Every structure is written in structure tokens, then in C-alpha cells.
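Hi,

Here is the structure I promised to pass on.

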Amino acid sequence: MTARTLAWTSFIAIAAFALMAAARLTLLDPVENVTLNVTSPVQTTLSTVTRPVADWVNNITDAGALSDENRALREENERLTNELARAREQEIQQQTTDDLNLVRQQFPADVFLDADVVARDSSNARNVIAIGAGSGDGVREGMIVVSEGRSLVGVVTKTSSDHAWVTLITDPKSAVSAIVQESRADGVVSGNYDGSLVMEFVGQGAALKEGDFVVTSGIGGRYPAGVVIGRVSSVQTAEQDLFQKVEVDHLASLSKLEKVLVLTSFVPRTLESPQ
Amino acid sequence: MRYWTGALIAFLLAIVQASSVEQFKIMGVSPNLMLVFLVAWLVVRGLDDVLPMILVSGITLGLVGLQSPGVVLLALLPIAGFGVIRELHIIHSDLVLVLFIVFGSTIAYEMVMLLSTMASGGTLDIMTGIESFVIPAAIVNVALAPFVYFFMRFAKPAKRMGQLSF
């Protein structure tokens, strides 16, 4: 290894740590904002051009489930399923009028801001997207993001003036308080590295079945109650376990999102512990 | 090779990686065309040529790919370490060398990403991460490597061997 090579390697290592520190101190935010402004048209074009090929390759390589998956049908299905879920939710909530009134007081009218997806996290470890609306458009950290079919997509975790970063519910760091609509069993829906969702901390006594809707519970104040997350795809119960293992299929096609809606009327709340 | 040529290629490659390649999911992971290209470039052109490209592509991918540029740079740095193997002439087949370095570099790259994600919080399991995407990513990138390598060999014969060697 020559001195020149060593110098380059050392320089890259130092630059890496310096950039990590700069990112930690949010010094890179303006640079990221400008870069996205400049490159997002190119990225969107490239992404649009490549998508049919990617869909074709993915259909071939993903042998298990999706040879007949049709994107338009999926979106339509998502919309109809959401309507069904909302209808069921209303039916259930009518039985608890007080709770319903409380929800209505908290969220009198949903106001959405639509935004294009301009970039995606390119690592395999994270599930984050960037959208073309930022603090200048009224987007704030903590606001929730839904698909056009009104299924939960994620939460805004970072903003710049023109863009916002949305951590998807499938991100390994995501955790959403949720309930199973039919049985009212509660738990936490978490993301996985492979983009799947699992509902944790569901007690053994809860009666669950495949196809049950999973919606946000509103517990903790970070998400409004009643937003559809997905449907139960499998339930594994073992006598020796404290909790059931529940796998959830998200309704929104998160890997193919092009446009999302930010729920700007919902402001997350931070609950303080009782004195 | 002038640095600006390599820098331009690295910049474009990072944008393609962030906007196009990430849409492809094979075994549940996206191939890392940029990493494979950098390794092929390393074997064909040498360590001195690839280091500036690592710098530019790492920063660009970090900025356009919604990751921390520093973390991406750190994750790409092991390519330089593997480059020493090329200089030592331990492996005489360039293709085998590419496959070996791609496998090792991908493991290192994804492990840095995994550890970075774990360090920033969340309830993450390292074994699940290795099983879910670190090993699959290495396999997918190794499968992609011969195509990229042969394309580059066609474009430019290796300096090291002076003649084609597979």
C-alpha cells in the first residue's frame, strides 16, 4: 500500500466520522435539502422508468406470493377494504358512544396535505422515504402519513423546508400502539428488516383470526385512533409463551408508494407520567 | 484516469442506485450495484483509482439515498481494505477476486448499516438482521458481480495482470 493510498484511506475515514458528527448536529440538513431539490426530478424520472422493469423482475424472483399481483387491483382493494374497516369501526364505536364523542372532539376534521414520494432510503436496513413537502408547507415532526387509501404509512421523523422524512411502519424502529378491531385485543405493531409487520404483546387470551383488521389504538397519543394498519395474516400460539405471535399484512403497498397524505390536523401528544 | 471522470461516474452511479436499483427486490433485498461496480473498478483499475470514487459515491448516496453520508462512507471503506488482497496477488483469478471482495465488502457494508440502525435506537435483533438482509445481500451482490465485472473488463483491460484472466 503506497503512502498516497494510505493518505486517501485515512482521509475517507476522517471524512466519514466528520460527516457522522455533522449529521448528528443537523449541520447537513441544508445540504440534504438542496441535494434533494436538485436530484429529485432525476430520481423521480429514473424511478418511473425503472419501475415496470423492477415490477417484472420482482414478480419473477418473488416466487412465493405475487405472480398475479396487480397494482391497480391492490390499490382498489386497499380502498375498499378501508371502507369496510371504517364501517366496522363505526359500528363498534357506536356501541361506546362516549369514546366516539371523545374521538370526535379530538379530531373534528381531518386535514390532509398530499405530497409526492421523492426518494427512498436505499439501504436494506431501514424503511424511510422522503416526500416533497416540508416545514414550509406546514409539515411537522410527529405528524402521521397515510396512503391515498387512508391506510397508515408512517410518521414524519425529520423535516427540512421543502422535504420531510417519513419513517414507514415497516421500519425496524417503528412501533405503533394498535388494537385488533374485532376482538379489541391490544398490542404493538412493529416493523421488521424484511418489510413485514408483527403485532407484539397480544395476550394469550385474545381470540384472533386471520383477516381481522388491525387499527391504531391511539394509546400514547402519537397516532390518532382508528387508522387502519392492515389485516392479521397469521396467529401463532404456544402454551409456554406469554404472548401470541401475530403477523400483520399492511394494506398500503409501501414499496410502491408514489403519493402520500400527511395528516396535518393531528398533532401528536406527549403523555407525562402522573405526579 | 482523471479524478473528475471517476467522480462523475460515482455520482451518477449513486443516483441510479438510490432511485432505480433500490426498487429491485431479490431474496427480499436490493442489490448494491454501486458497491459491486466499485469492487469491479478496484480489480480492473486499482486501489488508487477507486478511493476517490468511494468518497464521492458514499457522500452522494448518503445525500440522495436518505442515509447518513458518513455511515455510507464508513460502510464502503472496507473495499479499500480488501483492495490490499489485490495488491498482494494472493488470488490469481480476477473473477474469483471480484467475487471474494464483493462478498466480503457486502457483509461489511450491511453490518455497518445494521449496527448504525441499532445504535440509533429501536428494538432490533442482530441475528435477525444478519439472516434477513446481510447474508441475502451478499449472495445477491455476488450473483450480480460477474455481469458488472465482464462489462468493465470489456471496457478496460486490467492493469495488474496485463492480460485477460478469469
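Arg153(B) and Asp94(B) make a salt bridge in this predicted model, with their closest N and O atoms 3.1 Å apart. The two residues come from distant parts of the chain: Arg153(B) belongs to helix 7 (residues 126-155) of chain B and Asp94(B) to helix 6 of chain B, 59 residues apart. Buried or exposed, what is Arg153(B)? Arg153(B) counts as buried because its relative accessibility is 4%, under the 20% cut-off. Asp94(B) is buried too, at 0% relative accessibility.

In chain A, Glu258(A) pairs with Arg51(A), and their closest N and O atoms are 2.9 Å apart. This pair also links distant parts of the chain, with Glu258(A) in the loop between strand 11 and strand 12 (259-263) of chain A and Arg51(A) in helix 2 of chain A, 207 residues apart. Glu258(A) counts as partly exposed, at 40% relative accessibility, whereas Arg51(A) is buried, with a relative accessible area of 7%.

Then there is Arg126(A), which forms a salt bridge with Asp171(A); here the closest N and O atoms are 2.8 Å apart. Asp171(A) is buried, and its relative accessible area is 0%.

You will also find a network of salt bridges that links Asp29(A), Glu32(A) and Lys158(A).

Back in chain B, Arg86(B) is worth a click. This arginine lies in helix 5 of chain B and counts as buried, since its relative accessibility is 4%. What does the side chain of Arg86(B) reach at 2.9 Å? It is the backbone oxygen of Val43(B). A polar atom of the Arg86(B) side chain also lies 3.1 Å from the backbone oxygen of Leu42(B).

Helix 4 (residues 69-76) of chain B is mostly covered, with seven of its eight residues buried. Among the buried ones are Val71(B), Val72(B), Leu73(B) and Leu76(B). The cover includes helix 1 of chain A as well as helix 2 (33-45), helix 3 (47-64), helix 5 (78-88) and helix 6 (94-119) of chain B.

That brings me to where the chains meet. The contact takes 47 residues from chain A and 51 residues from chain B. About 4,200 Å² is buried between chain A and chain B, and carbon and sulfur atoms give 67% of that area. Two salt bridges are counted between the chains, along with six residue pairs in polar contact. One salt bridge joins Arg4(A) to Asp48(B), whose closest N and O atoms are 2.9 Å apart. The elements that give two or more residues to the side of chain A that touches chain B are helix 1 (3-24), helix 2 (29-61), strand 1 and strand 2 of chain A. Helix 2 of chain A gives the most, with 16 residues.

Now for chain A as a whole. Its secondary structure comes to four helices and twelve strands, and 45% of its 275 residues count as buried. The chain exposes about 14,000 Å², with carbon and sulfur atoms supplying 54% of it.

Strand 2 runs antiparallel to strand 1 (residues 112-120) of chain A, joined by three bridges, and Val117(A) stands opposite Ile131(A). Four bridges join strand 2 of chain A to strand 5 (residues 164-168) of chain A, again antiparallel, with Ile129(A) opposite Val166(A).

Further along, strand 7 of chain A and strand 8 of chain A form a hairpin with five residues between them, and Gly195(A) in the turn has a positive phi of about 85 degrees. Four bridges join these antiparallel strands, and Val189(A) stands opposite Met199(A). Strand 8 of chain A is also joined by five bridges to strand 11 (residues 243-250) of chain A, which runs antiparallel to it; there, Gln244(A) is the bridge partner of Val202(A).

Over to you!

Terms used:
Residues are numbered from 1 along each chain as its sequence is written. Chains are lettered from A and ligands numbered from 1 in the order in which they are written. This is a predicted model: local features need pLDDT of at least 70, side-chain atom pairs count only at pLDDT 80 or more; totals for chains, interfaces and linings use all residues. Side-chain values use heavy atoms; hydrogens and water are left out. Two strands pair if DSSP finds at least two bridges between them. Buried means under 20% relative accessible area, exposed over 50%, partly exposed in between (1.4 Å probe, protein chains only). Accessible areas come from the Shrake-Rupley method with a 1.4 Å probe; for residues, only the protein chains shown count as cover. Contact means heavy atoms within 4.5 Å. Buried area is the accessible area (1.4 Å probe) that two parts lose on being put together, summed over both. A salt bridge is a side-chain nitrogen of Lys or Arg within 4 Å of a carboxyl oxygen of Asp or Glu. A polar contact is a pair of N or O atoms within 3.5 Å; within protein, one must be able to donate a hydrogen and the other to accept it, and residues adjacent in sequence count only if both atoms are side-chain atoms.
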